[in-house]
Amino acid sequence: MTLNQPMIRSLLAAAGLALCAAAAGAQPLDGTLKKIKDTGTITVATRGASIPFNYLDDNNKQAGFAWEISQRVVEQVKKDLKLARLEVRTLEVTPQTRIPLVANQTVDLECSSTTNNAERQNQVSFSTTFFVVGARLLVRKNSGIKHWSDLVGKNVVVSAGTTAERMLRQLNEKNKWGINIILAKDINENFLTVETGRAVAATQDDIILYSNIARARKPADWEVVGVPQQKEAYGCMLRKGDTAFKKVVDGVITGMMRSGEFSALYEKYFLKPIAVKGSVTIGFPMSSDMQELVRHPSDQPL
Amino acid sequence: MHYSWDWLIFLEPSVTGEGLYGLMLLRGLLWTVLLSLLAWSLALGIGLAAGVARTLPGRTARYLSTVYIHCFRNTPLLVQLFLWYFVVPELLPVDWGNALKQMNPTANQFLTVLVALTLYTAAKAAEQVRAGIESVPRSQKQAAMALGLGTAAAYRHVILPQALRIVIPPLTSDFLNVFKNSAVALTIGLMELTGQTRQLSEFSAHPFEAFIAATFVYMAITYGVIVLMRRIEHRARVPGLLGAA
């Protein structure tokens, strides 16, 4: 086919019109939302055993407080983009892989027990905070340990690479306490280490310690002690600087907080039995920090 | 990709207050080198003994070494390490188990990995040694016997000097594997090179720089091993043997 000049001109005009129309419509999509619209798929991160935030339950189904939040985000995205169908892909991540996978855009959204902090904000963005924790100590009731300073010269286990490890090392370095820090590779090994007596205490985010106690063979033997040295905020991770997508995720979380759905979801996972190891109840009422968060949502690290 | 690169991260102080990030990697490197060299030296000795035992005429020695090699060569190193670290102390008498668990954690982790890595590597090396011995023509042994040498003397003066030269190249790859396998130490909390790399990537939120740096360090180590083994191979070479001119 040969094109004559008037034809080319009218084609160009048509293309120009199409461009104008696109610009005049809703703001052009970019980042995650554009990718979701173009491919018709969204990839959501899962965790194997971050109980009760994101885990596989006894029925081999993905569940968890943060997992359900991510499911609501998926629904909202589907509605906002007016997609007839949206394929949801899941990808299991670990604490080591989650940041690279969000940064290199393999994963679109990661909601589990991920602390929002300044270093991580170099690589990813965080949604509105959905949980506030503080690192504390898990000890046997007869251990005689009540405070952080009781740890001098003792073996203490902490999960490698976590913000709790960073805190424990800072504390140890600053006070010259000579704590022997044992590193565990995940939440379960962390508890195994203190259960088998290799360490006298385990340091982790308080909520995870309570979930460990709930799943222990004899929950009555254990207690959580030590005043948290600092508070931390869990948020959903998404790619850095993607304001449009962040707005959707933030909107879902603050909307849930306003509607009371957030508190209902909290009750479901933290106060009622969950399908793990038969059935366990974590029994962790909303802290004052959490109540404050629901009243005044924020997306800042603490 | 939305990734902010920062290659100067290694010169920044760690958030844990324990020195520079680069020093974390260096500490990890020291553990890796110490662990691997020790495990390799011990494994060479055990592997040589077990490999020779597999070819001896005596039944008991042959049987024992066969069982050892099969158990340790045919199960994953990670499984073995977990057994040594978590299960063995529970099987020992309670006092011994507790003594093990209460010792300095780093020493405990180091010794556990050392045992696991040594026995695993030795089982592999033993198979190489056996193959080397079996590749020496049978007539050599018969000739040695005919000269009046006993089994020990035949191995010492005739068979092993040839067999060990033959197995230098395959042993080189076992030597390389020790360094790579030593990374399993991080699963029980000994922060060798890979472990420290993970720590660095978590604390600094610069995972790509950390792992790229570790890749180059491992490559440098293995290259060093290859050069060393080439030298040994060259110096041990006997003209006429193995087609070496």
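Biologist: Before we start, what should I know about numbering and confidence?

Modeller: Residues count from 1 along each chain as its sequence is written, while chains are lettered from A and ligands numbered from 1 in the order in which they are written. As this is a predicted model, local features need pLDDT of at least 70 and side-chain atom pairs count only at pLDDT 80 or more, whereas totals for chains, interfaces and linings use all residues.

Biologist: How many helices and strands does chain B have?

Modeller: Helices (H or I, at least four residues) and strands (E, at least two) are DSSP runs, numbered from the N terminus. Chain B has 10 helices and zero strands. Its C-alpha trace spans about 70 × 55 × 30 Å along the principal axes.

Biologist: And what percentage of chain B is buried?

Modeller: Count the other C-beta atoms, placed from the backbone, within 10 Å of a residue's own: 20 or more is buried, 12 or fewer is exposed, and in between is partly exposed. In chain B, 36% of the 245 residues are buried.

Biologist: Now the interface. How many residues of chain B are in contact with chain A?

Modeller: Two residues are in contact if their C-beta atoms, placed from the backbone, lie within 7 Å. Here 23 residues of chain B are in contact with 30 residues of chain A. On the chain B side, helices H4 (94-102), H9 (193-204) and H10 (207-236) each supply at least two residues. The largest share, five residues, comes from H9(B).

Biologist: What kinds of residues make up that side of chain B?

Modeller: Ala, Val, Leu, Ile, Met, Phe, Trp, Tyr, Cys and Pro count as nonpolar, Asp, Glu, Lys and Arg as charged, and the others, Gly among them, as polar. The side of chain B that touches chain A has nine nonpolar, 10 polar and four charged residues.

Biologist: Can we zoom in on one residue?

Modeller: Phe211(B) counts as partly exposed because 16 other C-beta atoms lie within 10 Å. Setting aside neighbours within four places in sequence, Phe211(B) is in contact with Thr197(B) and Ser201(B). From Phe211(B) to Ser201(B) is 10 residues in sequence and 7.8 Å in space, C-alpha to C-alpha.

Biologist: Which domains does chain A have?

Modeller: Domain bounds come from an automatic or database domain assignment. For chain A, that assignment gives domain 1 (31-130 + 235-295) and domain 2 (134-231). The contact between them takes 15 residues from domain 1 of chain A and 13 residues from domain 2 of chain A.
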